[in-house]
Amino acid sequence: MSERKIAIEFNDKVVRQFLLATVVWGAVGMLVGVLVGSQLNFWQLNFHTAWLSFGRLRPLHTNAVIFAFVGNMMFAGVYYSTQRLVKVRLASDFLSALHFWGWQAIIVAAAITLPLGLTRGKEYAELIWPINIAVAFIWVVFGVNFFWTLARRREPSLYVAIWFYIATIVTVAMLYIVNHLSLPTGLTHSYPIFAGVQDGLVQWWYGHNAVAFFLTTPILGIMYYFLPKAAERPVYSYRLSVVHFWSLVFLYIWAGPHHLLNTALPGWLQTLGMTFSLMLWAPSWGGMLNGLLTLRGAWDKLRTDPVLKFMAAAVTFYGMATFEGPLLAIKSVNALGHYTDWIIGHVHAGALGWNGFMAAGMIYWLLPRLWNKPLHSVALANAHFWIGTVGILLYVAAMWTSGITQGLMLNATTEHGTVLAYPNFLDTINAIRPLMLMRVVGGGLYLGGWLLLAYNLWRTLRGALPVNGSIEVFADDEPPAGEKLGLFATFLNPPVIFSIVGVVFACVWMFGADALSLAGLVGTLLCTILAYAHWESRGKAWGDWYDRLLINSLPFTILTVLAVFAGGMIQIIPTVITHRAANVEDRRQIPYTPLELAGRDIYVREGCYTCHSQMIRTLVPDVLRYGDYSRLGESIYDYPFQWGSKRNGPDLARVGSKYPNVWHLRHMEEPRSISVGSNMPAYPWLLVNNTDVAVLPAKIAAQRTLGVPYPESSDQQIAEGVAQQARIIAADLRTAGAYVAPEKEVLALIAYLQQLGKFENVARRQNQSSE
């Protein structure tokens with residue numbers, strides 16, 4: 001080997017850019033969060049303004065926190081750590097700059113379009129289709145830059161943090177593309193290609209795993225790099241990190257259906273989601289313990305070092321959130337907690353405690369190294385930690401108490417389970433108002449702590465000069481020859497073979513019937529025993545193969561893709577294939593009229609799904625409160641599905657014909673005139689704006705393409721149908737003493753609401769086959 005050394009200067013400019021963006025967008029996302037939390041207590045804070053209403057700002061808050069705050073933090077941590085782990089500068093300065101500015105442009109576009117009501121109406125996937133294309137493009141830029149850097153690396157073996165980054169890049173790409181497949185009807189509007197239960201399954205396959213592979217796996221990679229650096233201790237257990245990575249990547253992808261328990265989702269998918277969610281306890285806590293035990297011998301530093309305070313607390317919150325998630329996936333617990341504030345508390349324990357505190361710890365550690373200047377004030381950083389901790393605890397405690405209270409009240413019955421104890425939904429809202437206010441206080445404290453970080457950063461950067469890290473390497477320091485692992489050796493080896501055979505047997509066990517299921521169980525147990533025996537006797541061979549795998553990023557990436565691909569496809573493909581108009585249980589949805597379709601798009605635009613569900617669960621209290629439980633076929637033409645995930649108001653699945661038209665008009669005009677004590681915002685603009693009839697032909701054509709049985713109609717016929725139905729509603733309102741012009745949006749929305757719950761009866765498939 002040559003003794004000549006060369007100096008490599010890392011591209012830390014892009015790291016600094018992403019870090020500063022993290023601080024700015026973090027403050028914005030948290031500020032919007034405090035505002036929307038306050039709107040739930042004080043409806044006046046909606047300001048009777050469309051673009052400041054809760055339904056439009058809540059998606060802005062979630063997207064800002066996930067993609068702007070955590071996204072920028074993730075990119076900063078990935079780019080900083082990867083360069084040092086592979087001992088090479090990022091492959092392309094141009095791609096790095098394009099990645100940064102492209103991502104900020106996407107965030108700005110989202111911040112403009114979401115308050116304007118331009119949305120797809122799917123949680124964490126609201127952005128309109130042109131922005132989705134931009135997201136996919138920039139993500140490809142990120143992936144190319146990352147894998148190109150790996151290809152040029154001077155460190156032969158891939159460190160554990162790199163494993164999690166690889167899983168993040170390939171899995172997020174798959175999730176995002178599938179869930180955002182849409183048919184455009186115009187420049188700012190589209191319909192997803194899935195509907196009803198298909199859309200629900202795909203959405204929560206994406207939604208759950210967006211949490212897994214955008215908010216968890218990259219942050220775990222950052223933990224595996226920055227925590228040992230800050231503690232000046234090696235990772236506690238390399239073997240545990242191997243088990244943590246592969247089990248987490250494989251199991252997480254199966255757990256999405258636990259968001260749809262007790263709904264019209266097929267029972268086998270609900271059982272599958274619950275089972276794999278419970279299995280996630282093991283790898284999640286394995287990772288938490290690996291992080292905390294890395295601090296062995298360094299616990300004394302927590303008294304004075306704010307970086308370690310934040311990181312230790314972050315890992316603890318990760319453990320708490322990943323214990324609570326599987327708990328909430330148990331059907332009986334989910335029946336209590338779903339649609340309530342308990343879910344909100346669970347999500348924020350992860351977002352504020354795990355993501356937010358890990359971001360703060362990473363930022364405080366990076367500041368002196370990226371600007372070559374000591375942190376302005378360690379005392380302020382410590383104050384930030386304690387203020388943020390108190391804020392999280394207030395927030396989470398309030399939401400836990402609020403959610404359990406609301407769940408118990410909504411599920412409470414008397415007269416031997418035949419009568420609701422609290423028939424008025426507003427009773428639950430009034431009971432939890434003090435807790436919702438405590439949530440705002442907790443969120444405000446957390447925001448205050450973050451503003452302390454921003455001030456500390458600003459004072460640190462005053463007069464500081466940015467500096468890029470560098471490293472000296474041998475000129476010919478390359479991966480050793482003869483260590484390549486071909487595709488044949490990648491797959492035909494005991495670890496992979498035992499894993500594949502075990503998964504096949506497990507699927508036979510879970511999905512088979514009678515003797516086939518028993519055979520699958522026996523096969524799974526036998527495969528597990530043989531794999532363990534082989535590992536005990538030939539463990540070195542397993543280790544040697546894995547060491548070779550880590551030198552080869554392509555085979556490693558292929559195995560990662562297969563691990564995440566299997567679970568998703570086993571869930572989604574059968575549902576997509578079998579969910580047809582003939583497979584709808586005993587009811588089939590009646591397609592919307594053009595006016596009702598326009599009203600539905602207004603409903604989606606205003607974010608009504610953020611407060612109202614359209615799914616009556618197979619639970620006695622739900623049926624007593626809202627009517628007969630929802631069937632598979634009753635949302636078969638819903639693009640997108642509107643089952644919802646939170647009830648700040650009652651379920652609307654069967655609200656059609658429950659109230660007269662004038663009731664809905666007054667409810668939109670001034671909710672408290674109808675429901676005393678309601679925290680729903682007013683929608684005066686719906687009485688002013690005209691329904692956009694001109695876009696309906698394109699929308700109906702798109703729906704027809706997607707399978708909705710609309711007849712061929714001319715633009716004039718569609719317009720005449722809209723006008724006729726609107727005139728009927730307007731005449732009914734006039735009879736009740738209210739005058740609204742037929743062309744106003746509120747009439748389209750009323751038409752849609754009055755259609756909810758309407759269906760046609762169809763014979764059950766088994767009855768048809770027996771005739």
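Axes here are lines fitted to C-alpha atoms, for helices over the stretch in contact, and the angles between N-to-C directions run from 0 to 180 degrees. The structure on screen is a predicted model.

**Stop 1: α1 and α15**

Select residues 13-39, which are helix α1, and residues 425-461, which are helix α15. The two helices pack with their axes 9 Å apart, at an angle of about 160 degrees. Angles over 145 degrees count as roughly antiparallel, so α1 is roughly antiparallel to α15. Their crossing is left-handed.

Now show side chains where the helices touch. On the α1 side, pick Leu19, Leu20, Thr22, Val23, Gly26, Ala27, Met30, Leu31, Val34, Gly37 and Ser38. Residues that they meet in α15 include Arg439, Val440, Gly443, Gly444, Tyr446 and Trp450. Colour the contact of α1 with α15 by class: 16 of its residues are nonpolar, six are polar and one is charged.

**Stop 2: α11 and α13**

Next, select residues 306-328 for helix α11 and residues 341-371 for helix α13. Here the axes come within 8 Å and cross at roughly 155 degrees. This angle is also over the 145-degree limit, and α11 and α13 are therefore roughly antiparallel to each other. The crossing in which α11 passes α13 is left-handed. The contact of α11 with α13 is made up of 22 nonpolar residues, five polar residues and one charged residue.

**Stop 3: an aromatic pair, Phe75 and Phe142**

Turn to the rings. The whole structure contains 52 aromatic pairs. One of them is formed by Phe75 and Phe142, with 4.9 Å from centre to centre and 75 degrees between the planes, an edge-to-face arrangement. Which helices does this pair link? Phe75 is in helix α2 (residues 54-86) and Phe142 is in helix α4 (residues 129-151), so select both helices to see the setting. The two residues are 67 residues apart, and the pair links distant parts of the chain.

**Stop 4**

Select Tyr603 and Tyr752. Their ring centres are 5.3 Å apart and their planes lie at 65 degrees, so this pair is edge-to-face. Tyr603 belongs to helix α20 (residues 594-605) and Tyr752 to helix α25 (residues 745-755), 149 residues apart. Both tyrosines are buried.

The axes of α20 and α25 come within 7 Å, crossing at roughly 100 degrees. Angles from 65 to 115 degrees count as roughly perpendicular, which is why α20 is described as roughly perpendicular to α25. Besides Tyr603, the α20 side of the contact has Leu595, Glu596, Ala598, Gly599, Arg600, Ile602 and Arg605. Among the residues they meet in α25 are Glu745, Leu747, Tyr752 and Gln755. By class, the contact of α20 with α25 has 10 nonpolar, two polar and four charged residues.

**Stop 5: Asp544**

Finish at Asp544, in helix α18 (residues 515-549). Asp544 has 35% relative accessibility and so counts as partly exposed.

Key:
Residues are numbered from 1 along each chain as its sequence is written. This is a predicted model: local features need pLDDT of at least 70, side-chain atom pairs count only at pLDDT 80 or more; totals for chains, interfaces and linings use all residues. Side-chain values use heavy atoms; hydrogens and water are left out. Helices (H or I, at least four residues) and strands (E, at least two) are DSSP runs, numbered from the N terminus. Angles under 35 degrees count as roughly parallel, over 145 as roughly antiparallel, 65 to 115 as roughly perpendicular and the rest as oblique. A crossing is left-handed if the near helix is turned anticlockwise from the far one by less than a right angle, and right-handed if clockwise. Contact means heavy atoms within 4.5 Å. Ala, Val, Leu, Ile, Met, Phe, Trp, Tyr, Cys and Pro count as nonpolar, Asp, Glu, Lys and Arg as charged, and the others, Gly among them, as polar. Rings of Phe, Tyr and Trp (its six-membered ring) pair if their centres lie within 6.5 Å; planes under 30 degrees apart count as stacked, over 60 as edge-to-face and the rest as tilted. Buried means under 20% relative accessible area, exposed over 50%, partly exposed in between (1.4 Å probe, protein chains only).
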